[in-house]
Amino acid sequence: MIPLKPFFAVALLAAVLFIPDPSLGQSIDVAPDVASASERTPSAKLQVTDVLSARFPVVDVHTHFYVKAKHDPELLDRYVEWMNRNNIAVSVSLDAQLSPRLDSHEEYLWRKYRDRFVLFANIDFQGSGKPDEPSTWACNQDGFVPEVVARLRVEHQRGRISGLKFFKDFGLRWKNRDGSKIRIDDPRWDPIWEVCGRLHLPVLMHTADPSAFFRPIDSHNERETELRAHPDWSFFGEEFPSRPELHAARNRVIARFPGTIFIAAHLGNDGEDLKQLAGWLDEYPNLMVEISSRINELGRQPYRANEFIEKYSDRVFFGTDGPFPEERLRIYWRFLETRDEYFLYSEKSPPPQGDWRIYGLGLSPSTLEKVYSGNAVRVIPGVAARVEKYRSLSNP
Ligand SMILES: [Zn+2]
C-alpha cells in the first residue's frame with residue numbers, strides 16, 4: 001500500500017487544482033502561453049538605422065548612480081566608456097542625498113570623473129525615524145525645513161550641488177505625524193522652493209506615475225503584466241491621492257514660486273496627454289520637462305510628440321533614468337534622430353513599460369541640439385563649463 005500513497009497525493013492535489021472555486025463562481029483561467037505583441041516578428045520590411053552615437057554632445061539630466069548603481073566602481077568606469085562612445089558629455093546624478101551619503105556620492109563620481117558628472121541633492125524626509133511611526137520622521141520634527149535650507153545654502157556655496165531632486169514618495173508615500181500623506185503644496189516646504197529660486201538650483205520633481213498605475217490591475221490595464229510583477233507600483237485605491245490631485249498640488253507650487261525652475265521628471269508623468277502637458281507649459285513659464293523613461297509614451301504617438309518637442313524645444317531636456325546599457329542609449333538616439341518605424345523601445349524582452357513598439361521622431365537638428373544639451377547648459381549650474389571642456393577635448 002505504501003507505494004500508492006504518492007499517487008493518491010498527486011490525484012488529490014490535481015482534483016483540488018481543477019475543481020472550480022465556488023466562492024469565485026467560475027473556474028480559474030490559465031493564460032495561454034502566447035508571445036506578446038512586441039515579441040512577434042513584424043512581416044513589414046522596416047528601415048533599421050544604427051545610430052551608434054548621438055549627433056550632438058548630450059547632457060543626461062536623469063541618472064541614478066546610488067539608487068541603481070549602488071556606487072559600483074566597475075560599472076562607473078564602463079559607463080564613462082559608454083559616455084565617450086555615445087557622445088554623452090555630462091550626466092546628472094540625482095542621488096546626492098543631504099546626509100553623509102553626499103560625501104560618498106561625491107567621492108564615487110568625482111574622484112575620477114569630476115568633469116563628467118554634476119549632482120542633484122535629495123532630502124531624506126524619513127531620516128532615522130522608525131518606518132511605522134511617522135511621528136518620529138525627520139520631516140515631522142521642528143527645525144527640519146530650516147536645517148534643509150541651511151544645508152542647501154552650504155552645499156551650493158561649496159559647489160557640490162547643481163539642483164534638488166524629489167522622488168515620487170513625495171506625495172505618494174511619505175507621511176505626516178498623524179499618518180496622513182504629506183502634501184506637495186504644504187506651506188511647510190515653501191522655504192525650500194524659495195531658496196532654490198534664490199540660488200538658481202532647479203528642482204527636478206517626480207510626481208505621480210503613469211496613468212495605468214492608478215487604474216485597477218486587470219485585463220483592461222495596458223500595463224497589466226508589469227503591475228502584476230510589481231504590485232507595489234500600483235497606486236490604485238483610496239489610500240493614495242489621485243493622479244490629478246498630485247499634478248494639481250505640484251502645479252500650485254510651481255505657480256506660487258515663479259522664480260524657481262521646476263523640471264517635471266518623466267514628462268511630468270503626463271506623456272499620455274501631451275495636450276494637457278502643453279497647457280501646463282503655457283501656463284507656467286518656470287516649468288520644464290525631461291523625457292527619461294518615457295520614449296515608450298512619446299514613440300507611440302510620434303506625430304504629436306514631434307510637434308510637442310519642436311514647439312517646446314527650449315523647455316525639454318534629454319534624460320534616460322539610467323545608467324542604462326549602451327543598447328538602450330542607442331535606442332534613444334534612434335528614437336530622437338531617425339524616422340525608423342515600429343521598433344522596440346528597450347533591449348529587454350518583453351519590453352518593460354507596455355507591450356508595444358515605437359516610431360522615431362526625426363527631430364530637427366536645432367531642436368536636437370537644445371534638447372541634448374543646450375537647455376541643460378542654460379539652466380543647470382556646473383553643466384556649461386563641463387560641456388565646453390568636453391567639446392574642446394573632443395575637437396582639439
Ligand atoms: Zn529616476
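F257 counts as buried in this predicted model, because its relative accessibility is 11%, where buried means under 20% relative accessible area, exposed means over 50%, and partly exposed is in between, using a 1.4 Å probe and protein chains only. Local features here need pLDDT of at least 70, side-chain atom pairs count only at pLDDT 80 or more, and totals for chains, interfaces and linings use all residues. Residues are numbered from 1 along each chain as its sequence is written, and side-chain values use heavy atoms, with hydrogens and water left out.

Where does F257 lie? It is in the loop between α8 and β6 (262-264), and for such labels helices (H or I, at least four residues) and strands (E, at least two) are DSSP runs, numbered from the N terminus. F257 and W193 are 64 residues apart along the chain, yet their C-alpha atoms are separated by 6.8 Å. If neighbours within four places in sequence are left aside, F257 is in contact (heavy atoms within 4.5 Å) with D190, W193, E194, F262 and N286.

A pair of aromatic rings is described by the distance of the centres and the angle of the planes. Rings of Phe, Tyr and Trp (its six-membered ring) pair if their centres lie within 6.5 Å, with planes under 30 degrees apart counted as stacked, over 60 as edge-to-face and the rest as tilted. By this rule the count comes to 24 aromatic pairs. One of them joins F235 and F240, which is edge-to-face because the planes stand at 85°, with the ring centres 5.1 Å apart. F235 counts as buried, at 2% relative accessibility, and F240 counts as buried too, at 18%. W333 and Y372 also form an edge-to-face pair, with 5.7 Å from centre to centre and 85° between the planes. This pair links distant parts of the chain, since W333 is in helix α13 (residues 326-337) and Y372 is in helix α14 (residues 365-379), 39 residues apart. Both W333 and Y372 are buried.

Is S234 buried or exposed? At 12% relative accessibility, S234 counts as buried. Not counting residues up to four places away in sequence, S234 touches F213, I217, L227 and F240, and a polar atom of its side chain lies 3.3 Å from the backbone nitrogen of F236.

Finally, the helices. Axes are lines fitted to C-alpha atoms, for helices over the stretch in contact, and angles run from 0 to 180 degrees between N-to-C directions. α14 packs with helix α15 (residues 383-394) at an angle of about 130°, their axes being 7 Å apart. That makes α14 oblique to α15, given that angles under 35 degrees count as roughly parallel, over 145 as roughly antiparallel, 65 to 115 as roughly perpendicular and the rest as oblique. The contact is made by E369, S373, A376 and V377 of α14 and by V383, A384, V387 and R391 of α15. Helix α10 (residues 274-283) and helix α12 (residues 302-311), by contrast, pack at about 10° with axes 11 Å apart, and are therefore roughly parallel to each other.

Terms used. A polar contact is a pair of N or O atoms within 3.5 Å; within protein, one must be able to donate a hydrogen and the other to accept it, and residues adjacent in sequence count only if both atoms are side-chain atoms.
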